[in-house]
Every structure is written in C-alpha cells, then in structure tokens.
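Please keep the sequence and the 3D view open as you go through them.

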Amino acid sequence: MTDHVFQDWMEAPTGSTGLTNEEEAIVTDYVQSLDLGVYRLPNLLLDMASYLDPDADLITAARALSIFPHILRGMGTEFSRQETHSLVVYFCARLENKDDILNYRAGIFEVATSLHVLSEWRCFVPGDAGLIAQAVFGLADGSVFKDQKPATRIKLFELVDLLLKKYQSAVIRDVTITTLVSGVVSMAELEKNPSCLAILFPLYRHISNKWPLEDSDYEAMWESFIRYFPITLGGAPQDPSVPTKELIKQLLLECILSDHHYSKGAIPRFIDMLDTNTDLSANLKIEVLSTLAACVKSYPVATTAEWSSKIWDALKFEIWNGENEDFIEGALQVLRATTESLGAGLNSWSSQTPMTEFVVTAATECRSRFHDSKKLYLVSSGRILHAIASGAPYAFHLVAKTVLPAMHVMWQDLKLPSEKKMLLTVYNYILDARLAQPEHGSQRDLLFRSFEGFRDGIVEVYSGAVSLIQQEAASSELPFGVPAVEGLALLFQIQSYLSAVEQGMIVQELNTILFSLPQDHEIRNAVLLSLQKISAMEPETFHEITLINFMEKLPETVSQNTKEREANLDIVVAHLQDLVEIACSQPCQRQLLNGTPINTASSYWHRNFDAMEKKLLEKLDIVLGKNGQLEYAKAILAAVCGGLQLFDTSLRQARIGSQEPRALDRIVGPYSYILEALLPKVAQQKDSADGPYIGTNELVDEKFVQMVGRTAMWALRSDLMTPENSMLLNWNIRHPDQPSAVWTLFTTGPINDSLNRTQQDLRKGPKDKCLANALSMYLLAGHRLNGPVAESPLRIVPAQVASAMIKNAISSDSGSSRFGRMCMLWLLQLLVSKYGAASHPYTAGGFETVAQQPLQVMTEEIEACKHKSDREIKNTYQTLAYFAAASITSFDRTMVPLVNMMIQALSDPQYGRKVGQSFRILLAESEIMDKANFCKIRVLRFQKIVSLVVIPLQGAYASPMTSRMEKDNIVIALAGVLAYMESYLVADAFGFSSIMLEGCVSSDEFTKEAFIHLLYELIPFCPKEAESHLDTVIRLMTDRTHNTYDSPSDASVRCRAKALDVLMRVTEHLPVEALISRRARLLPELDLALDDCARGVRGKAQAAKMKWLRLGG
C-alpha cells in the first residue's frame, strides 16, 4: 500500500512550471510502492477509476491522467508485458473514443506522453505500435487533432515519429504502408506550427528513404509537404524553443531531395515559378534558384538529362538580360549544378552522353551571342560558359572545343580596347573553369591532352595583350590591361601547362611592366597581385627573375645632392615596397626544385621571404660601408623590417586554412638570421672612464637603432618563436659565463662580468649607451615568457632593473635623447606589467633588499624632489606616472601608493599642473606595453581608475580646504583619465557634474576638448541633468565658437567643431519646448560661427543652425 490515497493527488495544489513539493512527494510514494511490488497497476487503476468514469468532467479526468507520465518516467522496474499491453490498450481506447465519450477528449497530452514513455520500455510489445499509430491517426480523421493545443500536437507527432522509426517493421506488417502514409498526411493536413513541422519533415524524409512506397504514397507525401514551399513559418533566432525559419527551410529541402520520385514534381514546378510572367519577390526567386540547383545536383542523371534543355531555356535570358546580381548568380549555380550532375560517374568521353547535347547547345548559343552585341552579351556569355565548364572535365572540353577557336579569330579582328577587355575577361573565365577541374582522376589525362591543343593560341593572345601594355604604358586607354595580367596568373596556376621558358618570359614581362613609368594604377596593382601569386606557386621564378631584377634596380649609392637624393630615394622606396608585397604577402606553396638552401631552419613557406631578406641584408652591408648613404641604408632596413611584419601576419592568416609544414631545425628560430645580421651593425663594445659598456655604432643614427629594435621585437614575439628556438635564451645558454644577452646585445669577444650591473646604470650616460638600452628594451618587449623569470635563462632581476630605470629616467646628466629616455620609461613599464618587477621582491644573497624595490626607490625619489633641479623634478613626476600606468594596467599591488603620490602632488604650486597633465598617461595606449608584447592588460583597469582616481579627486574638489589652483589641477587630472573611458562608465562614475562644465573653460587645451567631448557623449545618458544645465551648456559652447577678429576664441578648431556637435546633440535628446525658448539667443552665435576661418567649423555651424531652425516644425 502507499502512504497516500489518490484523492491526495486530485486535491494537491499544482505548479505553473513543474511539480510542487506535495505533488513530488505523492509521485515518489507511488513510484516506490510500484517498484517494491507492494502496490500494483490494477490497484492504481482501481483507485483512480471514479475520476476517469465516463460521467466525470473533463478537468477531473485530465487531472487524474496527469499522474501517469510522472509515475512511468520515475519507475525503475517496468510493468509486465501483459500489464504494459493492457495500459496501452486503455490509452488507445481513450484516443480512439469510439463511443464518443466526452471526457475521453480530456488529457490527450498526458495520454500521448504516457504512450511515448511506454513505447521506449523494453517490455513494450512491438505489435502495439500499430495500435497506437492507428489511434493517433484516428484523432486526425475525426478532426480532433487540429483542435489540440500546440504542445499536445507536438507530443503526438513525437509519438508517431518514435513508433514509425523504432518499430518500423512491426507497424508496416500490421498496418500497411499506404495506411501509415495516409495517417501521417492526415495529421499534417492543417499543421502550421514550426515545432510540429520540425518533426514532420524528417519523418517524411525517413519514410521516403527507408520504406518501399508505391507511386500513390509518394504523390500523397509530395502534395503534403510541397505546399509549405516557400517556407514562411519559423521562430526568431533569439528564441531557441521554436525552430527557426532557416531550419524549417532546410528540413523541407531534405524532404524534396529525399527520393528521385519527387523530381517529376519538383523540377517542373520550380521552372514554372521562374517563368518571366510570374511575379516573384526577390527573396523567393533566390530561394527557388537555390532549391532548383540542389534538386539538379541530387537527382539521378537521367532526371537531370530529361529536364536540362528546359532548365537552359528558363535561365539563359535571366543571365543575359538580368540586372539583379543575386538572380544571375543563382541561375549560374543551377547551370553549374546541371553539368555536375550530368558529369557524375562519367569516366570516358563520348558524344553519346546526356551532357553533350546540353553543353554544346549552350556553348553554341553563347558563341553566337558574341557577335550579336559584344557590350551586352560577351561578358555575360563568358559567365555562362564558366558555370557550365566548371561542372565537369568533359563539360570543360566541350566548351573549350566549341568556343576557343572562334575566340582566337575574334581576338585578331578586335580593334577597340574596351572590346579586347571583354574578350580577355571571357578567356579568364575559361581558364578559371580549367582550374576548377580535379587534378587527379580518370579524366585527368584526357583533359590535359584536349586543352593542350589550345595552349599556343591562348599564350599568343595574352602575350600580345601584355606587349601592347608595354608599348602604351603611359596611355590611360588600356582597359584590357588588368584582365590580361590576371589571365597570366591564371595560366601559371594550371599545372604543367606552361613550359619553364614560357613561365620565365611571362614573369619577365610582368617585371618590365612594373618597372615602367608612368603606370596605370589598376594595371600596376594587378601586376603586383599576379607576381605575388606566381611567386608563391613557382618560387623559382621569384628567385631567378623577380628578385634579381629588383636587386639590379637598387643603385649602388644615391646622390649627395638633397633634391636628387630625395628623388632617388623615392624610386628606391617604391621598388622596395613592391618587392616586399610580392615576397611577403603569401607564403611559398612548395619547396624549391633544387632543394632546401644551405643553413635554412624554416619550412618551405619561408623560401621567398628568406631569399628577399638575405639579399636585402647583403645590400645593407654594402650601403653602410659607403659614406653619406645612411638614408639609403634606412630605406633598405625599413624594407627588411616591414617585410618581416607583413610576412609574419600573412603566416598567421595562412594557418587559419592549413597547417604550416614543420621547421627544419627546431633549435634555430626562423628569423634568427635577421637579428644576427642586424644587431652587430648597431651594437658595439666600447670603453669609457667608468669601464667597458655596450654602445651604438657611430655610423648609424637613432632612427636606424629604433628600426633594428622593432625588427627584433617583431621577430621575438612571432608565433613561430618557442623556448627551444629563442635566440635570446639560446645565446644565454651557450654563454653561461657572460652577462645576459639583454645587455651584451649578442656582441662577441671578451666581455666584463660587471656588464650585468653597469649596463643598467645610465645616470651618467654616455648617450650611445642610453641608445643601446633601447635595443635591450625591444628584446625584453618581444620575448615570450614561459614560466617564472627567476627560473628562465633570461638572467635578469626585474626588480633591480626596474629600480635602475627609475633612477635613469629621472637623471638629468645622462645626455640621453628624448627617444632614449622614453625607452627607459617603456622598459620600466614592461618590467612591471610583464615581468612583475614590483610584485616580486629583489633578493641579494638570500635577503630581500628593500632599498632596491621599485616602489621604495620611487618613494624616495619623490621625497627628494625638494633637493632636485627643475628638470629632474619634472622627470620624477613623469616617471611616477609611467610607473603608475604599468601598475594599474596589470593590477599590481603598488598601484594604490603610486596613485596616492600623484594625487598628493597635485597640490604642488609649481608642478601640480604638470602632474595633472601626466594623469593622461594612466590609461593612454602604449606601443610597447600592450598584449602583443605579452603584457598583462586588465580589462577592469578602467573601473579601478574610478575608485583610485575619479572618486578621490571628486571628493578633493568638493572640499572647502582645496585652493583654486588645486581645483584647476584636479580638473586637468580628471580629464586625463575620463578622456579614455567609455561613455557609460563615465556616466555612472562621474555624471553630468559641475566639474565637467568647468573643464570646458580650462586653459589646458586637452582638458577643454576632453570635457566638451564628454559633454557630447553624456547628454544621451543624462538628459534630465543636461536640461537643468541647458543655459550653462549653451553659454559655454557659444563662448568657444565665438571667434571674431575683435574677440578671438580661446578654443582650437577641433574644440570649436566639437562645441557645435554638442549644440546639435541637445536638439536630439532634450525637450523641444526648452530648446525653442532659447533659440532666439543662440541663432546669432551660430551666424557668427558661419563666418569662422575654419571650413570644418563653418560646415558644423550650418548643420547646427538647420537643426535648431527645424525644432517644432
């Protein structure tokens, strides 16, 4: 017995989404009792009999039946086969309702759910599947089905789907296929619910694929599902509970394609829909074309052959006369699918194939159209030929044989350049179709031999076109230049089609065009793109022709005369840029025929890039050895540097689609040879009164050193760099007794052990030592961290170096250039945000050296400002700002004391303004401290700034103890951080405050512009606050725009333009009544702005005036 009686279930409160606790307890009680056998199914039926009596009302019956699904799902022990059969029979009797009992119409959902659970039980009698199916079909026959709620219909569809798939043999045996098909069709008769269709369509597909149907069965299902085309039903993409329109569309397409019997209805139906007299919407026409293409591709060859001529007749004028590109492309896809279908399984070429008539007819008509109107039909016919020829090798053979001889003759007769362009475009379509053919298979040799016969004519056409380009390079009337060059690249892509001599001649001609001046811009770009593709496909042509030609174009020296040197360098730079684009835009696609070059570590993807870099490095050596050629050397170095950056980016893109071949040497980095060649050119061991140091070569300047440093950084941070092939780490491993390569910069020879310490000390210079420190900074920027710094062979102590950089950046005696000093600050930021210099204590001899901690050093330097010179004080506060920026960016624990020191310094009467301006550094982007260099860039740093800076400064500003000077500095500081924050964050943290309005009249130009921009951004977020300050806003903005000879504005052109943006923004978000009342006072000021000396301001003033005049209109 159970602890509950059935009346408990009937009286238990129900939940809106699931079982209540009380219901759960009742169900659990019944389940446990049934599992233990102390309570049986007959007992349950007997207990609930009074509630299921024919005289019971519908609500009572439904409530009683609702317990069944929960009990059946929860049971661990199934009923006996006899009990299960009896329960199925009872449920089916309720569904059939032969005696038309009223309350049998209740609880259909619960009955269907219960039957679904029972059908999955092991003890389910397969013969009952037909009984259930017929009972469900009876609902549809009696029109009860269509009146059910969507959830009930979904459950009934799921039940039928389960039965017809899991018990397929039994239901077919007991019910017959025709009866089952008729039953499913009757259920679908009025169905429009997407969830139901998502079950119905796969069921139709299953029946069509798996069941031996009669023609009448196919016809019944076809009529049932094709009426839904085109699909208009479906849920929104954001609602996962309802199948989307796209999913239903795909399921219907699978139904249409599920069996070839449907082809006799599908293809003519879609062809008829494309009739020009039929008014189809754009989306429907595209859908019809895509569905027709899928049908042609999926149905048997015999079916496609039967309808191929009608398909051609229906689509050809859509392409020839069409104006909508989507329609044209859809029609071309159908033609391509037709030849793909006709060519399926075709292993030999014979004129007695279904394809021959279709292809030859279409190609012949296109050929005749060539002469009807070249302007109207030539290119469109080429697109048709491309679509048809791309589908199968035999189709390409037929097209080529039909049209190429006529095209060769036509080329000889053409005189107009525009007509030559169109015909060359058709040639390119033919070549592209050839490239679409499979390179392997039974038809490969046939295809090769058939197309070989047209080779001489095609090469002659393109060679003639290129010759014309060379002869008329200065002419602007060369419209055929681009397709001619593109065609040469296509010829190269056809395997074994051109001889080595022909390839060399074509590449040489392209090089000649590229070097010819003046040039058509489009032709030049086409030549560059073609040489990129050709060089990647055939690297020998790059190594033996293109690279040699470019190197010969580089002079030995450039003129010493300033004007002539500039002209020479312009030409040199143009050649170098072209060379970099050709060699570095794409990885090489195969190994060189002569094998791997000596001393090569990288894979064959790098062959062209490596060859270019090595040639340029050799040229750089020669040029640096000549007097007065530094600018020329820098141009070459820029190509080396830019080539590395472009090639590494192209590798990253190439890896998306394919896997890079393995490197030949895992220990040597792919770019190490570049660093080994460049660094000795700039870094040298030198002697001074204080001892040896690493400085820079006198032959190079600061810009040269910077480019070498950036090249090293890009090389080291490449995705190809690993701990095993890192040049920096490997050097330190090979030289364990020498200072770190970070300081020696890979210089060779005897090196003093003290260099690890002395190279960090730049307080007394000399200048070239400070410049060499820039190279150290770039090496550390590009280096990839692979574990704790203390355990790596990098051999630096970040805290110690950071402390040294603080002192170096503050010193006024280093003699460093501005760039050299910036590198000290960048290095400090790297050490804090990347290497954790401020978080990991500096230890010496096992003891923490507090005095050498970066924070302690910075604190002492701030405290010592009263004893420093003016320059050193400014340097100190600037260093503090860079340190704080790195700390905030990485959420280092030092950020709070550092920011507090900056805030306290705002009260300094002499330097507070400078400190306020330095707040701009805290959130400004850095070219060194960024994610590309593996620094910790915290996403929540902006929110942290709010609590560390914005809120404290707002409080200080509001304090009565704060002087006017301090308030001005606070406004400047706030502008420095707010300018880099998102508008919504500023609105939440700062709002539409009086500080912002005061900032609009600041004497600091950055602050003024920043707050005017914030005003513009915050008006949509704070319209009520903006309305309360409307008069002040208008006055402040017009004061900025008021720019006359007698009363010039205190704002820059950008500020004045932004102020007018604010005046326009208020018209979009503030009440019209409030604006109209102020319009009369504003319009005279806008009239003055119409006469501003800056055109941009005048344009904004005109737009603002029109907006204000239209108010209330």
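1. How many residues does the largest nonpolar core have, and which residues have the most contacts inside it? In this predicted model, the largest nonpolar core has 385 residues, and Phe-201, Phe-225 and Phe-919 are those with the most contacts inside it. Helix H31, covering residues 630-657, gives the most to this core, with 12 residues. As general background, nonpolar side chains tend to be buried together in soluble globular proteins.

2. If its neighbours within four places in sequence are left aside, Phe-919 is in contact with Met-902, Ile-903, Leu-906, Val-949, Leu-953, Ala-973, Gly-976 and Val-977.

3. The domain assignment of the chain gives domain 1 (536-656), domain 2 (682-796), domain 3 (798-981) and domain 4 (992-1110). Taken over C-alpha atoms, the centres of domain 2 and domain 4 are separated by 53 Å.

4. The largest pocket has a volume of about 430 Å³, and its lining draws at least three residues from each of domain 2 and domain 3. Of the 22 residues that line this pocket, Arg-757, Thr-758, Gln-760, Asp-761 and Arg-763 lie nearest its centre.

5. Strand S2 (691-696), helix H36 (755-758) and helix H38 (798-810) each supply at least two residues of the lining of the largest pocket, and H38 gives the most, with five residues. By residue class, the lining of the largest pocket divides into six nonpolar, nine polar and seven charged residues.

Methods. Residues are numbered from 1 along each chain as its sequence is written. This is a predicted model: local features need pLDDT of at least 70, side-chain atom pairs count only at pLDDT 80 or more; totals for chains, interfaces and linings use all residues. Side-chain values use heavy atoms; hydrogens and water are left out. On a 1 Å grid over the protein atoms alone, a cavity is a set of points where a 1.4 Å probe fits but cannot get out, and a pocket is an open set with protein on both sides within 12 Å along at least five of seven lines; lining residues have an atom within 4 Å of a point. Grid points are joined across faces, edges and corners, and a volume is the space filled by probe spheres set on the points. Helices (H or I, at least four residues) and strands (E, at least two) are DSSP runs, numbered from the N terminus. Ala, Val, Leu, Ile, Met, Phe, Trp, Tyr, Cys and Pro count as nonpolar, Asp, Glu, Lys and Arg as charged, and the others, Gly among them, as polar. Domain bounds come from an automatic or database domain assignment. A nonpolar core is a set of buried Ala, Val, Leu, Ile, Met, Phe, Trp, Tyr and Cys residues joined through side-chain atoms within 4.5 Å. Buried means under 20% relative accessible area, exposed over 50%, partly exposed in between (1.4 Å probe, protein chains only). Contact means heavy atoms within 4.5 Å.
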